[in-house]
Amino acid sequence: MINWIINVSLFFVLCILVRAICLLIQLKQEAHSLNQTATHTNKLKTLIILGSGGHSTEMLRLVKTLNPEIFKPKMYILASSDSKSKEKLLEMENHLGRQTRYETYDIPRSRKVHQSYITSIFTTLFSFIYCVPLMLKIRPDIILCNGPGTCIPICLIAFVMRVLFISNCVLVFVESTCRVKTLSLSGIILYYFADIFLVHWEELSKKYNRAKYIGRF
């Protein structure tokens, strides 16, 4: 009986690994665009991840260009200690004056500025565990992020949910404008998991095959 349980467990683990590998290969081979994703449905439940400083400014600038009739409802995730990004978000939404519903969620910060990579492993793990029930609750159709450490747990959970057929969320990563020649740490990690990987500098698109050059906005 014990051997049977072990064999069945190993079989399921093997199936999950095969599914994950096939999905990664599919992401590498297929080319996606934000416009193609938007045309596949009337509306997309959109999760937007904001980070501290310039990350939030760049992301909110991108959000302003989104079609409010397609990318709705909007949900924002911020680090619990990031009060400035929340102020920028409220200011932008009030300025737009659109009658669109949006929600905000606070999560533990994965990595603080200048925090060592070793200690950030533990804080990221804690954030990952914290975010699992949140992601199971909201189940977005698309995730927009641009590099803050806050996005790593969310994006990895979304990928795991996709592997397990829980959801089919599209991940869009937009590299920070300040990254001209090399990718950020978040970009290096999510380069293989993102459906759409966008960069602001043509030099990066030539260096990384999956990166799509969109210019600066």
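User: Where does Arg139 sit?
Analyst: Arg139 is in the loop between α5 and β4 (142-145). Those labels are DSSP runs numbered from the N terminus: helices are H or I with at least four residues, strands are E with at least two. Bear in mind that this is a predicted model, where local features need pLDDT of at least 70, side-chain atom pairs count only at pLDDT 80 or more, and totals for chains, interfaces and linings use all residues. Residues are numbered from 1 along each chain as its sequence is written, and side-chain values use heavy atoms, with hydrogens and water left out.

User: What makes the phi of Arg139 worth a look?
Analyst: Phi of Arg139 is near 40°, a positive value in a residue other than glycine. Most residues other than glycine have a negative phi, and most peptide bonds are trans.

User: Which peptide bond is cis?
Analyst: That's the bond from Lys72 to Pro73, with omega near -5°. Pro73 lies in the loop between α3 and β2 (74-79).

User: Why are α3 and α4 called roughly parallel?
Analyst: The axes of α3 (residues 54-63) and α4 (residues 83-96) come within 10 Å and cross at roughly 20°. Axes are lines fitted to C-alpha atoms, for helices over the stretch in contact, with angles from 0 to 180 degrees between N-to-C directions. Under 35 degrees counts as roughly parallel, over 145 as roughly antiparallel, 65 to 115 as roughly perpendicular, and the rest as oblique. So α3 and α4 come out roughly parallel to each other.

User: Which residues of α3 and α4 meet?
Analyst: Ser56, Thr57, Leu60 and Val63 in α3 meet Ser85, Lys88, Leu89 and Met92 in α4, where contact means heavy atoms within 4.5 Å. By class, that contact has four nonpolar, three polar and one charged residues. Here Ala, Val, Leu, Ile, Met, Phe, Trp, Tyr, Cys and Pro count as nonpolar, Asp, Glu, Lys and Arg as charged, and the others, Gly among them, as polar.

User: How many cavities of 30 Å³ or more does the structure hold?
Analyst: Three. A cavity is a set of points on a 1 Å grid over the protein atoms alone where a 1.4 Å probe fits but cannot get out; lining residues have an atom within 4 Å of a point. Points are joined across faces, edges and corners, and a volume is the space filled by probe spheres set on them. The largest cavity has a volume of about 60 Å³. Helix α6 (residues 151-163) gives the most to its lining, with four residues.

Methods:
On a 1 Å grid over the protein atoms alone, a cavity is a set of points where a 1.4 Å probe fits but cannot get out, and a pocket is an open set with protein on both sides within 12 Å along at least five of seven lines; lining residues have an atom within 4 Å of a point.
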